[in-house]
Amino acid sequence: AEEALRQSQKMEAVGQLTGGIAHDFNNLLTGVIGSLDLIRTRIAQGRAGDIERYVDAAMSSANRAAALTHRLLAFSRRQPLDPKPVDANALVASMEELFRRTVRETIQVELRSCRDLWLTLCDPNQLESALLNLVINARDAMPDGGSIAIGTDNVELDDAYAATQQDVKPGPYVALSVSDTGSGMSDDVLARVFEPFFTTKPIGQGTGLGLSMVYGFVRQSGGHVRISSAIGRGTTVTILLPRYLGDTELQDPSATAVSGARA
Ligand code: ADP
């Protein structure tokens, strides 16, 4: 019975992971299809001279999708993912073009990078997926347009703050936030957003996996997610990831726990 329980727990974990990857894969495929659609329109209009950047955009989304399926294969081979020191400003800047293509023309995208940002320790591919999910949610909350700001910051969490939160260690964190000027969330929705498969979107548009994946990734990385939202005003989702403090951190027991949890 123990073995059966272990097996069913494992299946559940695999199911959640594959569901999550299918979700991200679908997001990226939407980017490829969007770019191809623009290319087709340009050709039909006889403006084929200008399609190179759409070809590049389609290539970049397709490459990210390929990296995702590699992650799934890596998981099934039980290879732990390794967290790396990440420059979140550079990572966000490299995604700016993808963000702009993901939103409509009625939505402005603005980057607010903090100067002298600390490095963070996390899996950069998962951080990319998390940010893309947050930008897609921000877009979906603004059917009539608005603006999205993606910001970074150095944050020191003190003991007093940590004491008010579950499982949050005081210390230095790198914050990445995605703010929108959209619909906002009611308290009922806010209380459930991290539940897998919880969605308020029409069937076929939402899977309810976006924020639960963001939450899972951030917690596994030793971080913390905060949401503040006001109905009719907008939402800010902030991911706090631990600051990278040099090579010694790689031997830190919490860093080992990250790969141990996935092995
Ligand atoms: P999905 O986007 O597929 O619905 P998520 O887990 O990403 O799944 O989000 C769950 C729900 O949380 C959404 O259906 C929506 O109701 C709410 N939500 C998430 N992000 C925002 C946002 N930026 N503004 C308003 N509501 C949001």
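Mentor: A residue is buried if 20 or more other C-beta atoms lie within 10 Å of its own, exposed if 12 or fewer, and partly exposed in between, with C-beta atoms placed from the backbone. Keep in mind that this is a predicted model, where local features need pLDDT of at least 70 and side-chain atom pairs count only at pLDDT 80 or more, while totals for chains, interfaces and linings use all residues. Residues are numbered from 1 along each chain as its sequence is written.

Trainee: Why does aspartate 116 count as exposed?

Mentor: Aspartate 116 has 6 C-beta neighbours inside 10 Å, so it counts as exposed. Its place is in the loop between β2 (107-112) and β3 (120-122). Helices (H or I, at least four residues) and strands (E, at least two) are DSSP runs, numbered from the N terminus.

Trainee: What is the phi of aspartate 116?

Mentor: Phi of aspartate 116 is near 55 degrees, a positive value in a residue other than glycine.

Trainee: What makes a group of residues a nonpolar core?

Mentor: Such a core is a set of buried Ala, Val, Leu, Ile, Met, Phe, Trp, Tyr and Cys residues joined through C-beta atoms within 7 Å. The largest one here has 36 residues, and those with the most contacts inside it are Leu131, Leu134, Val135, Val178 and Val214. Its largest share, seven residues, comes from α4. Leucine 134 touches Val178, Val214 and Val237, not counting residues up to four places away in sequence.

Trainee: Which residues come nearest to the ligand?

Mentor: Of the 22 residues around the ligand (C-beta atom, placed from the backbone, within 6 Å of it), Asn137, Ala141, Thr199, Gly206 and Gly210 come nearest. The elements giving two or more residues to this shell are α4 (124-140) and α7 (210-220).

Trainee: How does the shell split by class?

Mentor: It has eight nonpolar, 12 polar and two charged residues. Ala, Val, Leu, Ile, Met, Phe, Trp, Tyr, Cys and Pro count as nonpolar, Asp, Glu, Lys and Arg as charged, and the others, Gly among them, as polar.

Methods
Contact = placed C-beta atoms within 7 Å.
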